[in-house]
Amino acid sequence: MGSGERAAQILHRSQPTISRQAKDCAHTFRTKLKKQGRNWITEGNTYLLELERSVHQLARLRGQRKIRAEINPWDSQLLQLKQLPYLQSGYCGEARPSRALELLKDKVVDAYITRFGSSSRELCAEDPDIAVIALAQFQVSAMAHQEHEALRMKLTQPNQLHHYLLQCWPEGALPSFERHLQVHGLWNGSRAMSTRDLLRDWEQSARQTEAISFDKVIPLSLHQQLQKVDLELGFTGEWALAIRKEACDTEVAAQLCDEISSALRRAKQQFPTLTIV
């Protein structure tokens, strides 16, 4: 969960209790916990820890415990999957797909539900353990506040947006989208990694009345304040489910795909171009 406070909320315990138990677990498995940037990592020989995670994940995939799904708060709000009795959704506190895929690879979580499917697919293209299942596609649009000049201009080419302040993020977070923007001279996100969650940076950027943002990286709450710029960016976003390959053929995976697809159909109002795969 990224912090003892969030773990305590999920487990209905106090933060000191979580810290004490985390230290006890680390001692049992002969590892050490270390904070690296925004995330906790384990150091030392993780062999026993990996065995423990494998056993617990197998139990979850067999329906003996709830499936653990990583999903950021914006996507969770949109899809409303919390009511599923077999699913426990959570958020590690870092919106980069690469972090979610690390947790999936390490068997900390069993699934990753995301609108950043194309970047996730690229980030784990050579990983033999992870599969990215496409669930839906949508055309990404540029968005601006109602009084923004771009809404009154007759724009015909994406590169015409470079005159305006554009939403940015640390380079490498969304590689496929960044590369597309770069082709049109719109990518200026070589900014150093923020100490805050990317979601906060994206929301703050989208709230700037002079900024151009993208519906791929703005929260549901801002859709009502922004309007689509009448311009085709030519980039197709992808909703996807990332899961370990050995779990692809399980009943749980099939059920989860069906539930997410149904949720996306209900969310079509926010993504008018959305097409279920």
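Is arginine 115 buried or exposed? In this predicted model, arginine 115 counts as buried because its relative accessibility is 3%; buried means under 20% relative accessible area, exposed over 50%, and partly exposed in between, with a 1.4 Å probe and protein chains only. Residues are numbered from 1 along each chain as its sequence is written, and side-chain values use heavy atoms, with hydrogens and water left out. Local features need pLDDT of at least 70 and side-chain atom pairs count only at pLDDT 80 or more, whereas totals for chains, interfaces and linings use all residues.

Arginine 115 forms a salt bridge with aspartate 75, with the closest N and O atoms 2.7 Å apart; a salt bridge is a side-chain nitrogen of Lys or Arg within 4 Å of a carboxyl oxygen of Asp or Glu. Aspartate 75 lies in helix α4 (residues 73-79) and arginine 115 in the loop between β5 (111-114) and α6 (117-123), so the pair ties together parts that are 40 residues apart in sequence. Helices (H or I, at least four residues) and strands (E, at least two) are DSSP runs, numbered from the N terminus. Aspartate 75 is also buried, at 0% relative accessibility.

The whole structure holds 11 salt bridges. One of them joins lysine 105 to aspartate 129, at 3.3 Å between the closest N and O atoms. Lysine 105 belongs to helix α5 (residues 97-105) and aspartate 129 to the loop between α6 and β6 (130-139), so parts 24 residues apart in sequence are tied together. Lysine 105 is partly exposed at 38% relative accessibility, as is aspartate 129 at 26%. Lys105, Asp127 and Asp129 are linked in a network of salt bridges.

An open sheet of mixed pairing has four strands in the order β8-β9-β7-β10. Its edge strands, β8 (165-166) and β10 (226-228), each pair on one side only; two strands pair if DSSP finds at least two bridges between them. Strand β7 (residues 142-145) pairs with β10 in the antiparallel sense over three bridges, and methionine 143 stands opposite lysine 228 in β10. Serine 213, in strand β9 (residues 211-214), is buried at 0% relative accessibility.

Zero disulfides are present, a disulfide being a pair of cysteine sulfur atoms within 2.5 Å. The sulfur of cysteine 257 is too far for a bond because the closest cysteine sulfur, in cysteine 248, is 8.3 Å away. For cysteine 25, the closest cysteine sulfur is that of cysteine 92, at 19 Å, also too far for a bond.
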